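Take a moment with the model before reading on. The paragraphs below move from the whole chain to a few charged pairs.

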Amino acid sequence: MTRIVIAGGGVSGLSLAAHLAVTDHRHPVVVVDDASKPLGDMTWASWSDRPGLLDAAASRWFERVRVHVNGRTTVLPLGRYRYRVVRGDDLLAVVRRYTDSLRHFTFHHGHVDRVEDDGVIVDGRHMRAKWVFDSVVGPAEQPPADAALSFRGWQVHSERAAFDVETPTLFDFRTPQGHGASFVYVLPVDAHHALVEHTSFIAPGAPQDVAAQREALAEYLADVVGTGGHDVEREEHAVLPLRSAQSPRRNGNALTIGVEAGMMKASTGFAYQRIQRDSAAIAESLRRHGDPFHLPASPSRFRMFDGVLLDVIRREPAQLEQAFGALFRFRTAEPALRFLDEATSVTQEWRLFAGMPAAPYLTAARHRLAR
Ligand SMILES: Cc1cc2nc3c(=O)[nH]c(=O)nc-3n(C[C@H](O)[C@H](O)[C@H](O)COP(=O)(O)OP(=O)(O)OC[C@H]3O[C@@H](n4cnc5c(N)ncnc54)[C@H](O)[C@@H]3O)c2cc1C
């Protein structure tokens, strides 16, 4: 019988497995993962305005966010959106609820060496498949990165009850801007614990300035949060390439998924919710058309917006704060989140852009169009 191989059991592989489990009962599915990236280490935050298949995996839901921009702190309700937190182990448990009762779903521990047209090579052995969904090898060539997101996060314990348990801080620009456009993000666990993350947009290939990131985090905790002393319980860091151009996805019967497929939004670094939508679309395409390639294309103007924003902040890092200030200047965060979700109309976009200085964006757009 036709077999589906999902290469990689991270968020994209697992989400696709769950969506296949509820829509497609014909194809045996094997998820292959080498455990090189333990799920227990991962936590994803994301916003959504509608119920999703894996909502039961969320450990926290928030109804408002805090932003600090242009010298002002604002707490914004999320409107129809909710901001949720999903831990890796919880995601796996919920996915297994869908797949464990299906005998044709299996999880295989192994290392994917290569993806081929008729299957994958796992630990040197050929595993035949009609369709391969690949989140680990990726296309032969990715489009060039426009920028990179360099972040370092500390899971901290604060001496004082310093964190607002009900309100994550989406961005706070009270941090030195010397290493590219930078802000701090705070995801509270309880009054004494939070993930506090320093994020900078840097040039592709530029190194992380580890000492500066740690100094900025320590300063933020002392001066802005007012922890009265803190312990760092865990540190995470990454440099994620940000690409506004579409990554090639299809190679014969293989389709890339997840970050390898360009699911990370170039202007934010968020991927979780886009991966959920993509998983649902792939499963639906298989069900309706018998192949996984009938996928909705997102309007190309959003890729253009991302690319232009990244060009502008590369030349003038201070423009990031102006842009976020303009997007989040309404009574709720909903217009900004809808725009970042690529679900706005052109009229709504003009309303959002009206708060931004036109000149740097028009210049960057002209340069892009002339390339
Ligand atoms: C530290 C960090 C925090 C992030 N936080 C958020 C967030 O809060 N919200 C958000 O929306 N996005 C976030 N992102 C971006 C994005 O959502 C994550 O990178 C996400 O984990 C990508 O999922 P994926 O399935 O594409 O790839 P991965 O998570 O990399 O999954 C790949 C899987 O394949 C396995 N594997 C790797 N190589 C092989 C191989 N050769 N053979 C077999 N198995 C293999 C790994 O063990 C892993 O399980 C974050 C990224 C990072 C790095």
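What percentage of the 371 residues in the chain is buried? Buried residues make up 52% of them. Keep in mind that this is a predicted model.

Start with the overall form. The chain holds nine helices and 19 strands. Its C-alpha atoms fill a box of roughly 60 × 50 × 40 Å along the principal axes. A compact globule of 371 residues would have a radius of gyration near 21 Å, and the chain agrees, because its own value is 21 Å. The accessible surface comes to about 17,000 Å². Carbon and sulfur atoms contribute 52% of that surface.

Next, look at charge. The chain carries 43 positive and 44 negative side chains. The centres of these two sets lie 7 Å apart. How many salt bridges does a search of the whole structure find? The search finds 25.

One of them joins the side chains of Asp-146 and Arg-368, at 2.5 Å from N to O. This pair links distant parts of the chain, 222 residues apart. Asp-146 sits in the loop between strand S12 (131-134) and strand S13 (147-158). Arg-368 belongs to helix H9 (residues 358-370).

Another salt bridge pairs Glu-342 with Arg-274, at 3.2 Å from N to O.

Arg-314 and Asp-311 meet in a salt bridge of 3.4 Å, N to O. They are separated by about one helical turn, because they lie three residues apart in helix H5 (residues 300-315). What is the accessibility of each? Arg-314 is partly exposed, with a relative accessible area of 41%. Asp-311 counts as buried, at 1% relative accessibility.

Finally, find a network. Salt bridges link Asp-49, Arg-50, Arg-80, Glu-334 and Arg-338.

Definitions and conventions. Residues are numbered from 1 along each chain as its sequence is written. This is a predicted model: local features need pLDDT of at least 70, side-chain atom pairs count only at pLDDT 80 or more; totals for chains, interfaces and linings use all residues. Side-chain values use heavy atoms; hydrogens and water are left out. A salt bridge is a side-chain nitrogen of Lys or Arg within 4 Å of a carboxyl oxygen of Asp or Glu. Helices (H or I, at least four residues) and strands (E, at least two) are DSSP runs, numbered from the N terminus. Buried means under 20% relative accessible area, exposed over 50%, partly exposed in between (1.4 Å probe, protein chains only). The radius of gyration is taken over C-alpha atoms; the globule rule is 2.2 Å times the number of residues to the power 0.38. Accessible areas come from the Shrake-Rupley method with a 1.4 Å probe; for residues, only the protein chains shown count as cover. Lys and Arg count as positive and Asp and Glu as negative; His and the chain ends are not counted. The place of a charge is taken as NZ of Lys, CZ of Arg, CG of Asp or CD of Glu.
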